[in-house]
Amino acid sequence: MDQHISSSDYFAGLPLISRFADLTDLANYTSLPDGWQIGTADIVGSTRHIAEGRYKMVNMVGAAVISSQINAGGGHAFPYVFGGDGASFAVPPEFSETSRAVLGVMRRWAEEEFGLELRAAQFPIGEIREAGLDVVVSRYQASTGVDYAMFGGGGLSWAEARMKEGMNAIPLADPGAQPDLTGLSCRWNNAPARNGTILSVVIQPCPETAPGDFAAVTRQIVAVVETLSRGGHPLPLGGPGVRWPPPGLALEAHVSRGGRSLLRRKAELLVGNLIAWFFFKTGVKAGEFDPVHYADMVTNNADFRKFDDGLKMTLDCDAATVERLRQILEAAEGRGILRFGLFEQDEAMTTCFVPSVVRDDHIHLVDGASGGYARAAEQIKSTIS
């Protein structure tokens, strides 16, 4: 594991890792610089909201935590990870107050726009290290267009647990506060399973597990997953497809209206999405926008597997591989190395952050369409309780 790098350009300066299997090796991770802050947020009662059929909303608000921070940061690269019903990230000292304010705005917005309670907190890296843990980061190149942060060291999980205990809570912003969510959308169709099931995988090390022991099991899991077609990628080549009107129209209207009339914003989106539907269906280029290339990059850029102190994956999986993964995980659980949850569903869903349709740096966050990571994580909570 590398030593600390004391620079605000820390994340942009990390080497790109192109093989996902290499992320099981902690030697490919670097500690956060001193002075950085960990921000984390999730939706209270997400299990109940999912049971009531509101998971797409829960997912969208979780993704909004990331997009609001990206927009507030003015394009400065920083590490973040999407967890389905929330997100975590790290920011340098000079951005910490802005980041904190944005979390407060997000809390107010989630409450007023959707009736959701979003909790949020911020922790100095020094506080995490005083607890005997660390936050180490690697940079995974998902495609030529984007890269995603991977986390280890135990500090992210510690911060999330302390947040749920009420520590370092971010207060609500003033009523009516609106985050900048420019570029956040959910216009793609869900992607049906092609090989049997969309499997949501959540694996967490037990508190006393040696990092090497957990890494050995994750290497075994990743090796099995890589035997799947395209490594279990849940989105088809050429993107998950579009239809008109798009399935997430009402939700996107809420996200993008910025205090304006909801009805007017729906009308604007209907027109805009009809134009987009035409280009995607015909493949006709519009200036610099190439719909065929863009759709290909949606799949290439998909964030469907990640390390965040544990391992999360959304996989298009056959029954035999599901069983093989379960056997490996049950054996490791029996040895006290980890806890895990596996949740099967019929489709994967995609939530997008698109700074520009003519660049390749658009972000596509993938989860299971029927509860995904949140449902898999709930299995772990049930086991612990």
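Predicted model: local features only at pLDDT ≥ 70, side-chain atom pairs only at ≥ 80, totals over all residues.

Reply: Residues are numbered from 1 along each chain as its sequence is written, and side-chain values use heavy atoms, with hydrogens and water left out.

Me: Why are α2 and α3 called roughly antiparallel?

Reply: Helix α2 (residues 55-72) and helix α3 (residues 96-114) pack at an angle of about 150 degrees, with their axes 10 Å apart. Axes are lines fitted to C-alpha atoms, for helices over the stretch in contact, and angles run from 0 to 180 degrees between N-to-C directions. Angles under 35 degrees count as roughly parallel, over 145 as roughly antiparallel, 65 to 115 as roughly perpendicular and the rest as oblique, and α2 and α3 are therefore roughly antiparallel to each other. Helices (H or I, at least four residues) and strands (E, at least two) are themselves DSSP runs, numbered from the N terminus.

Me: What is the handedness of the crossing of α2 and α3, and which residues meet there?

Reply: The crossing of α2 and α3 is right-handed, a term used if the near helix is turned clockwise from the far one by less than a right angle, anticlockwise being left-handed. Met57, Val61, Ala64, Val65, Ser68, Gln69 and Ala72 in α2 are in contact with Thr98, Ser99, Val102, Leu103, Met106, Trp109, Ala110 and Phe114 in α3, where contact means heavy atoms within 4.5 Å. By class, the residues of this contact are eleven nonpolar, four polar and no charged; Ala, Val, Leu, Ile, Met, Phe, Trp, Tyr, Cys and Pro count as nonpolar, Asp, Glu, Lys and Arg as charged, and the others, Gly among them, as polar.

Me: What makes α3 oblique to α7?

Reply: The axes of α3 and helix α7 (residues 249-256) cross at roughly 135 degrees and come within 11 Å. That angle makes α3 oblique to α7. The contact is made by Trp109, Glu113 and Phe114 of α3 and by Leu251, His254 and Val255 of α7, and its residues divide into four nonpolar, one polar and one charged. The crossing of α3 and α7 is right-handed.

Me: How do you know whether Asp134 is buried or exposed?

Reply: Buried means under 20% relative accessible area, exposed over 50% and partly exposed in between, with a 1.4 Å probe and protein chains only. At 15% relative accessibility, Asp134 therefore counts as buried. Asp134 lies in the loop between α4 (125-130) and β7 (136-141).

Me: Why does Asp361 count as partly exposed, and what does Asp361 touch?

Reply: Asp361 has 26% relative accessibility and so counts as partly exposed. Asp361 lies in the loop between β16 (347-353) and β17 (363-368) and touches Gly145, Val146, Asn301 and Pro355, not counting residues up to four places away in sequence. The C-alpha atoms of Asp361 and Asn301 are separated by 7.9 Å, although these residues are 60 residues apart along the chain.

Me: What makes the pairing of the side chains of Asp361 and Arg359 a polar contact?

Reply: A polar contact is a pair of N or O atoms within 3.5 Å; within protein, one must be able to donate a hydrogen and the other to accept it, and residues adjacent in sequence count only if both atoms are side-chain atoms. The side chains of Asp361 and Arg359 are joined by such a contact of 3.0 Å, and the side chain of Asp134 makes one with the side chain of Arg129 at 2.9 Å.

Me: Which residues does a cis peptide bond join?

Reply: A cis peptide bond joins Trp244 and Pro245, with omega about -5 degrees, and Pro245 is found in the loop between α6 and α7.
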